[in-house]
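Colleague: I have a structure open and want to learn how to read it. Can we go through a few features together?

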Amino acid sequence: MISVKNLTKEFETVVAVQDISFDIDEGEIFGFLGPNGAGKTTTIRMLSTLISPTSGSITIDDKDPKTGGEHIRSIIGLLTESPGLYEKISAYDNLDYFSSFYDMPDKQRKANIEKYLKMFGLWQRKDDLAGTYSKGMKQKLALTRALIHEPRILFLDEPTAGLDPESAHMVRSFIESLKKEKITIFLCTHNLTEASNLSGRICFIKKKIIKIASLGELQNHDKHRKVEIVFRDDATRFLPVLKNIKNILEVDTNKNKAILLVSEPEKSNPGIIRELTSNNIDILYLNEIKASLEEIYLDLIKDEETK
Ligand code: ATP
């Protein structure tokens, strides 16, 4: 649905995005993560035809933004970091105005306005000026605007920023439900729990692409899997033995637990267990611990910074 090849965007003094490439399938939720200033918003702005790339190519629904911009704009919905609403007109009139640009029968358009305003709990306040809305209400109104024309692709830049926990949960469930309808979602978020729960694949960017993988693939890397051993006794007592075992690369202890970084755990664990039991050390439990997306993110970004 989206194909990006060697995309670069240079502003006067800054290279915001450098030589990035990826493909996104229809119906995929593509998490786009990176630190402040990494080039996420710039990428969204290029994909949604708001700005032109310096070099490289973009194809969306088989169209090039240079020649098929109108088609692309008709099938995408965009939620930007700032809501960009007209503050001096009502919420309803904002939606009525923005949705009038789409080629859609009036009846359908008005029905959608009502449907989404009700879904996001704004129907009772539809006649209030948008400027009088709270930050979270404006965010929901902007999300409504992005959805009105039932886009096939949604670009969401921080969709739950500023929302209370209940509203954020509702928006996440809604995003999840769009997957079933084959809507393609490009999701920029600093909320790593949100990214791990929603995204099929996650792309880490810092001007260049650092990695693209599913959470499962990321967690399966040896570096991101640890082994927890629960002993009968205080684990610090066994440190000398643990540190002497060849395939244990790192050891951390906490009360009667030891957390081990092990090379090739499936191959090494049986030998580690044998070694411990032959030293008369009782093991009560042995578990695999998978790294959270937060740990993986910090690790990848740190690696990138030390390059
Ligand atoms: P954040 O997480 O803070 O929103 P981001 O990943 O979305 O960051 P961008 O907004 O894409 O980052 O910015 C990437 C870089 O490009 C930054 O160094 C920014 O200052 C620069 N930049 C973005 N837009 C412009 C512009 N219009 N003119 C000049 N520089 C720009």
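Colleague: Is Lys 5 buried, exposed or partly exposed?

Modeller: One caution before the answer: this is a predicted model. Now look at relative accessible area. Under 20% counts as buried and over 50% as exposed. Lys 5 has 43%, so Lys 5 is partly exposed. Lys 5 sits in strand β1, residues 2–10.

Colleague: Which residues does Lys 5 touch?

Modeller: For contacts, look for heavy atoms within 4.5 Å. Leaving out residues up to four places away in sequence, Lys 5 touches Ile 20, Ser 21, Asp 23, Gly 56 and Ser 57.

Colleague: Now a helix. Which residues of α3 are buried?

Modeller: Helix α3 covers residues 91–99. Its buried residues are Ala 91, Tyr 92, Asn 94, Leu 95, Phe 98 and Ser 99. Look down the axis of α3: these residues fall within an arc of 160°, so they line one face of the helix.

Colleague: What covers the buried residues of α3?

Modeller: The cover includes α4 (106–119) and α5 (135–147).

Colleague: Let's take a residue in α5. What is the nearest side chain of opposite charge to Lys 140?

Modeller: Lys 140 lies in helix α5. For a salt bridge, the charged atoms must be within 4 Å. The nearest side chain of opposite charge to Lys 140 is Asp 164, 4.9 Å away. Lys 140 is buried yet has no salt bridge. Its contacts, beyond residues up to four places away in sequence, are Phe 120, Leu 122, Leu 163 and Ser 167.

Colleague: And a loop residue. Where does Thr 160 lie?

Modeller: Thr 160 lies in the loop between β6 (153–157) and α6 (165–180). Thr 160 has a relative accessible area of 7%, so this residue is buried.

Colleague: Last, the ligand. How many residues surround the ligand?

Modeller: List the neighbours, then check atom pairs. The ligand is surrounded by 13 residues, and the closest are Gly 37, Lys 40, Thr 41, Thr 42 and Glu 81. A polar side-chain atom of Lys 40 is 2.8 Å from a ligand oxygen atom. For Thr 41, a side-chain N or O atom is 2.6 Å from an oxygen atom of the ligand. Gly 39 uses the backbone: one of its N or O atoms there lies 2.9 Å from a ligand oxygen atom.

Key:
Residues are numbered from 1 along each chain as its sequence is written. This is a predicted model: local features need pLDDT of at least 70, side-chain atom pairs count only at pLDDT 80 or more; totals for chains, interfaces and linings use all residues. Side-chain values use heavy atoms; hydrogens and water are left out. Buried means under 20% relative accessible area, exposed over 50%, partly exposed in between (1.4 Å probe, protein chains only). Helices (H or I, at least four residues) and strands (E, at least two) are DSSP runs, numbered from the N terminus. The arc is that of the directions from the helix axis to the C-beta atoms. Lys and Arg count as positive and Asp and Glu as negative; His and the chain ends are not counted. A residue is near a molecule or strand if one of its heavy atoms lies within 4 Å of it. A polar contact is a pair of N or O atoms within 3.5 Å; within protein, one must be able to donate a hydrogen and the other to accept it, and residues adjacent in sequence count only if both atoms are side-chain atoms.
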